[in-house]
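Reader: I am new to this structure and would like to learn how to read it, one feature at a time. Could you take me through it slowly?

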Amino acid sequence: MDLPAGTRNYSYAQDMAIFRTKTHWILLGVLILLLFAMPAYWHDWLSVVNRIGITIIAVMGLNILTGYCGQLSIGHAGFIAVGAYTSAILVQRFGVPFPVALICAGLFAGVVGMLFGVPSLRVKGFYLAISTIAAQFIIIWVIQHWTSVTGGFSGMDVKAASIGPMVFRSQASQYYLILIITIISVYFAKNLSRTRVGRAFIAVRDNDLAAEVMGISLFRYKLTAFFIGCFFAGVAGSLLAHTSLSISADYFPLTDSILFIGMIIIGGMGTILGPILGVIFIRLIDVLVTELSPALQNAFPNLPSGFTSGIAPLLFGLAIILFIIFEPRGLAHRWQLFKASYRLWPFSY
Amino acid sequence: MKTNRWLLLSAIFLVSILAITPLLAACGPKAQPSQVLKIGMMTPSTGPVPEKGLPGQHGIQDAIEYINTELGGAGGYPIEVLWRDSAYDMAKVGTIVQNYMNEGAILFTTHSSSEMKAAQGKANDAGFPGLATFISTMNLHPPQHIYGPTPDYGDDWVAFARYYKENVWKGTGKPKMAMHLLSGTVGQGTLDGAQAMADEIGIELVDVQNHLINTTDETASLTVIKSKNPDVLFISSVPAPTAVIIKNAKDLGMYPGITIGAASASFTKALVDLAGADVVEGVYGVFHTVSWDDDVPGVAKAKEYVMKNHPEDYGNMDYFSTWSTTLIIREILELAVKNVGYDVLAKGDAAAWKAVEEQGIQKLKGYTVEGLQGGTVTYTPGDNRLNKFLRIYQIQDGKIVALGDWQEAPLIKYAAYGDQ
């Protein structure tokens, strides 16, 4: 915990507090107020914000798996698909209430994640990445070919999320649902990183042999990381299905799995703030390019048709390269530096 | 120090992007002039199928220019297109459609059936009418708020199977057909039609293989097909994979030998360009518009605009399809303005969507689309295909040449999609 100059912790509770000072609490209050008031002043942006929220939940899971525990996964979109289809099938075919389906989606995605995480006990790094890519392909193949259950290539129509009589059909209501689950996910991830399990993840990431020698069960903690990371993905998938109202395998391409890795690199691996900043950054670039493409094509009629097509991937790639070279600890580290200098201001030296 | 400065500048740049993006979009729509009819149109101009999306985008742009400058818009009001590149990203499609609803568009179009599949959940739920230039069975069955300006992929299969049986097949008994289908709505729609109508038409389906949109080699799947000894291979896909399949079939000695037919989504100039004219010589295809060589008023006008703005698209059927769809949209808006007045439509809300659907789309009757499509564009209750005519073409000397007359596509009831 970074505290302002002159502030000290005098009890264990103070030391463990996430929000320690009055300023923290005030800023938290303002942030929550702004977030809950957003539909009133940014209504036209809610579809983008909702997508950002769902992606934050998924990428937060990947951050636990990759950023905290060091287990690289390039199959995360596949695990989101597992959650999306689990939830959609439970609600559509079996009439299970959405909240139950949401939790089941997370649990089932977690179990599937554990299955694909088994190779992590033998392989790591590049080799593990390849084995998780297999998860992506296998899951999508099963979805496309298990027609009687998943609808196959046709996909599925999905009911809007509902809790009792409350149906989340409007964008604003979906926003509040996603916001609350995102907050719970971020809070859970923050606390997890400070527990015995979180510290074990970090030990496994930093040096798994040393961790094992210290008595940390690699089998247990690596699979736990896969379960938790994929649980988040499953929850995100459930929200995606019940807000899109339609799903098919096309919603979960391999490129998304790669993009999620890019998001935690840009945001900052192994931090809680990192995935949030990374997701917002990448999604807004995507929106920026989509919104500006028509204007750019009109502004430069002499350039080849569709020249804007390269802008989005170019910016993503460029951002990832620049961050890896100049700021490997991501935007979250920049934010930390900013806060540190602000805390000492005007006596920064 | 230099590194720190650079990092600071980078941080400022990144923060600026984060801050400016919402402002740009928030300010954009409000700056547009009033007294226009706003519609949303998306094409997959980037991503895995730019060979379809880009000519489609150009067809929209040129048709809108023609409508607004020469035809006086629709009902006297210029049409404003909120065009977006979907990049064939289905999650993005959902966001784009939602934005169209927020920005006051009164209807929307997608270029592909997959985009429409991703959009139709939200659109049907909100009653926001949409049209897909290339459309699949699952977009239209059961009929809700999504319409096809053309027949669907199931109809493509039926039209080709009928033509093949009556004009190409010289054997006895049932001809054996194999199918190579793009994974997704394109392939599934065709399979739906084949499964529903194969027995009635008298075709034996001997094998069905699937391929991905980014496939580069289909030798293995074609070897399986070859072992089943089919008389005809029907491909339902987009141009690039279709080119791969036909090239592989040629390498395996299957073609020429068997007959190859292609559904509408792949049957365009891009197929000839990608595969090579000699490779695709003699391939049959199904399409829902006239060819560039037909002597109808619409072709002359499209030629004029394509040569002026996008000469590289001359001969491309995707360009033609979106041009034709845009003309149909103009007719819809013209009817809607006439029947309910501009003020209702200008609101861009649920009432405007309902007005466009009930007083525009559902009032379509006898519209000829300047001769660009077979028959006329007419709404029939219970059938959301606005045009029901297809024609068979063949690639001859690198050109797409029409064979015979238009075929009417009967409405097929698909129980799997809840048709009554």
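**Reading a predicted model**

Author: Let us start with a single residue, keeping in mind that this is a predicted model: Gly270(A) touches Gly67(A) and Tyr68(A), if residues up to four places away in sequence are not counted.

Reader: Where is Gly270(A) found, and is Gly270(A) buried or exposed?

Author: A residue is called buried if 20 or more other C-beta atoms lie within 10 Å of its own. Gly270(A) is found in the loop between helix 12 (254–267) and helix 13 (273–299) of chain A, and because it has 21 C-beta neighbours inside 10 Å, Gly270(A) counts as buried.

Reader: How do I check the span of a helix, for instance helix 14 of chain A?

Author: The expected span is 1.5 Å times one less than the number of residues. Helix 14 of chain A (residues 311–326) has 16 residues and should therefore span 22 Å, which agrees with the 22 Å between its end C-alpha atoms.

Reader: Which residues of helix 14 of chain A are buried, and which exposed residues does the face turned away from its buried side carry?

Author: The buried residues in helix 14 of chain A are Ala312(A), Phe316(A), Ala319(A) and Phe323(A). They cover an arc of only 65° around the axis, so they lie on the same side of helix 14 of chain A. The face turned away from that buried side carries exposed residues, among them Leu314(A), Leu318(A), Ile321(A) and Phe326(A).

Reader: How many residues does each chain bring to the contact between chain A and chain B?

Author: Chain B brings 41 residues to the contact, and chain A brings 36 residues. On the side of chain B that touches chain A, the largest share, 12 residues, comes from helix 1 of chain B. The residues of that side of chain B divide into 17 nonpolar, 19 polar and five charged.

Note on methods:
Residues numbered from 1 in each chain as written. Chains lettered and ligands numbered in written order. Predicted model: local features only at pLDDT ≥ 70, side-chain atom pairs only at ≥ 80, totals over all residues. Helix = DSSP H or I, 4+ residues; strand = E, 2+ residues; numbered from the N terminus. Buried ≥ 20, exposed ≤ 12 C-beta atoms within 10 Å, placed from the backbone. Arc of directions from axis to C-beta. Contact = placed C-beta atoms within 7 Å. Nonpolar A, V, L, I, M, F, W, Y, C, P; charged D, E, K, R; others polar.
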